Amino acid sequence: MRIAVIGAGGIAQKAYLPLLAVMPDVKIAGIFSRTQARVEEICQRWNISKGTTDLSDILALGPQAALVISSTDSHYGICREMLENGVDVYAEKSLTTSSAQSYDLARIALEKKRILAVGYNRRYALLYMKAKEIMGNRKVELAVIQKHRTEASNPTLFDQYLDDTIHQIDLMRFYCGDVEPSTTAYEKKNGVITSAVSTVDIPNGGQGVITICNEAGSWQESVTLHAGGLSVHVDAFRRLRVMVDDHEEVYGTDRAGKWITGMKERGFYGELAHFFECVQTRQEPLTNAVEAAKTQVLMEGLVRASGDEINP
């Protein structure tokens with residue numbers, strides 16, 4: 001399969017290019033970046049024959065699919081151009097900067113009969129998937145989803161939730177269905193968001209809590225779910241605890257100490273493999289544009305619940 005990679009920043013070099021290099025039957029036909037220096041650097045490092053700063057050059061290569069891993073504010077225009085020119089698209093989260101734009105891309109993909117997948121890798125992470133399997137059809141009564149970092153960088157709650165916390169917001173939907181936003185409170189120091197807590201109402205009773213802190217002692221991420229006498233807890237991305245009837249079982253993943261193994265744990269490999277399968281079979285991706293738009297609707301509702309305005 002001939003693909004194009006649009007974007008050559010940190011996530012491209014840390015995750016996507018190493019994965020693509022080891023995936024069978026995938027060939028990078030060309031790569032796009034905004035600067036010529038970055039294009040030349042990436043082409044040399046990853047042995048890519050064609051690099052460009054002109055998006056029309058990418059279309060001229062006739063790729064079957066494109067990975068859009070550029071800045072979020074560039075996604076709408078790039079994805080739209082790819083879809084309208086018959087190219088299937090995988091876009092890194094968040095799909096766009098607004099749910100309205102994401103729904104519009106979903107409409108275009110449907111009209112053009114194109115595949116449009118969005119990179120919510122947590123849904124494909126090994127232990128998060130196992131937790132979903134163990135919960136089965138049980139209705140979650142309480143969900144607590146956390147992500148903590150050691151340094152704050154986002155000036156507004158909207159930026160924080162769109163850029164980073166969107167993964168936790170999407171996981172809330174993944175485990176609990178179409179939850180409704182309830183409350184949000186946050187703290188801000190020196191012009192950046194340092195902590196936030198949001199709550200949601202789970203359908204047919206139940207509560208969900210999303211918490212973030214950007215002044216933590218280390219990077220941390222976890223999910224705790226309680227339902228019908230069963231509790232599961234995931235310490236991302238390496239340990240899953242299952243508690244029932246005062247009995248506890250602990251699951252882990254086989255860690256070989258290699259970067260690719262880490263990418264499988266985190267779901268990057270699984271989501272890319274799923275996207276390429278969808279391109280071949282024309283089945284709808286599990287994390288398609290409609291799912292992405294619904295997650296953004298929830299995110300926007302949680303920002304509004306704080307009293308803040310959403311961008312645009």
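Start by selecting Tyr-16 in helix α1: here the helix has a kink of about 40°, shortly before the proline Pro-18. The bend at a residue is the angle between axes fitted to the seven residues ending there and the seven starting there. Helices (H or I, at least four residues) and strands (E, at least two) are DSSP runs, numbered from the N terminus.

Before you move on, a word about what is on your screen. This is a predicted model, in which local features need pLDDT of at least 70 and side-chain atom pairs count only at pLDDT 80 or more, while totals for chains, interfaces and linings use all residues. Residues are numbered from 1 along each chain as its sequence is written, and side-chain values use heavy atoms, with hydrogens and water left out.

**Stop 1: the rest of α1**

α1 has 13 residues and spans 19 Å from its first C-alpha to its last, close to the 18 Å expected at 1.5 Å a residue. That expected span is 1.5 Å times one less than the number of residues. Which residues of α1 are buried? Select Ala-12, Gln-13, Ala-15, Tyr-16, Leu-17, Pro-18, Leu-19 and Leu-20 to see them. Buried means under 20% relative accessible area, exposed over 50%, and partly exposed in between (1.4 Å probe, protein chains only).

**Stop 2: aromatic rings**

A pair of aromatic rings is described by the distance of the centres and the angle of the planes. Rings of Phe, Tyr and Trp (its six-membered ring) pair if their centres lie within 6.5 Å; planes under 30 degrees apart count as stacked, over 60 as edge-to-face and the rest as tilted. The whole structure has 7 aromatic pairs.

Next, select Phe-275 and Phe-276. Their pair is tilted, at 5.5 Å centre to centre and 50° between the planes, and both residues are buried.

**Stop 3: charges over rings**

Select Lys-132 and Phe-174. The charged end of Lys-132 sits over the ring of Phe-174, 4.8 Å from its centre. Then try Lys-264, whose charged end sits over the ring of Tyr-269, 5.0 Å from the centre. A charge sits over a ring if NZ of Lys or CZ of Arg is within 6 Å of the ring centre and within 35 degrees of the ring normal.

**Stop 4: salt bridges**

Side chains of opposite charge can pair when their charged atoms come close. A salt bridge is a side-chain nitrogen of Lys or Arg within 4 Å of a carboxyl oxygen of Asp or Glu. How many salt bridges does the structure hold? There are 20 salt bridges.

Select Glu-133 and Lys-130, whose closest N and O atoms are 3.5 Å apart in a salt bridge. The two lie 3 residues apart in helix α6 (residues 126-135), so about one helical turn separates Glu-133 and Lys-130. Glu-133 counts as exposed at 56% relative accessibility, whereas Lys-130 is partly exposed at 25%.

Move to Asp-178 and Arg-173, a salt bridge with its closest N and O atoms 3.6 Å apart. Is Arg-173 buried or exposed? Arg-173 counts as buried, at 9% relative accessibility.

In a further salt bridge, Arg-239 and Asp-235 meet at 3.2 Å, N to O. Arg-239 is partly exposed at 37%, and Asp-235 is partly exposed at 27%. To see a network of salt bridges, select Arg-80, Glu-84, Asp-104, Arg-107 and Glu-111.

**Stop 5: the backbone in loops**

Most residues other than glycine have a negative phi, and most peptide bonds are trans. Look at the bond from Lys-93 to Ser-94, which is cis with omega near -20°; Ser-94 lies in the loop between β5 (88-92) and α5 (99-112). Another cis peptide bond joins Ala-236 and Phe-237, with omega about -5°, and Phe-237 is in the loop between β12 (230-235) and β13 (239-244).

Finish with two positive phi values. Asp-25 has phi near 65°, sits in the loop between α1 and β2 (27-32), and counts as exposed at 68% relative accessibility. Asp-245 has a phi of about 50°, is found in the loop between β13 and β14 (247-252), and counts as exposed at 72%.
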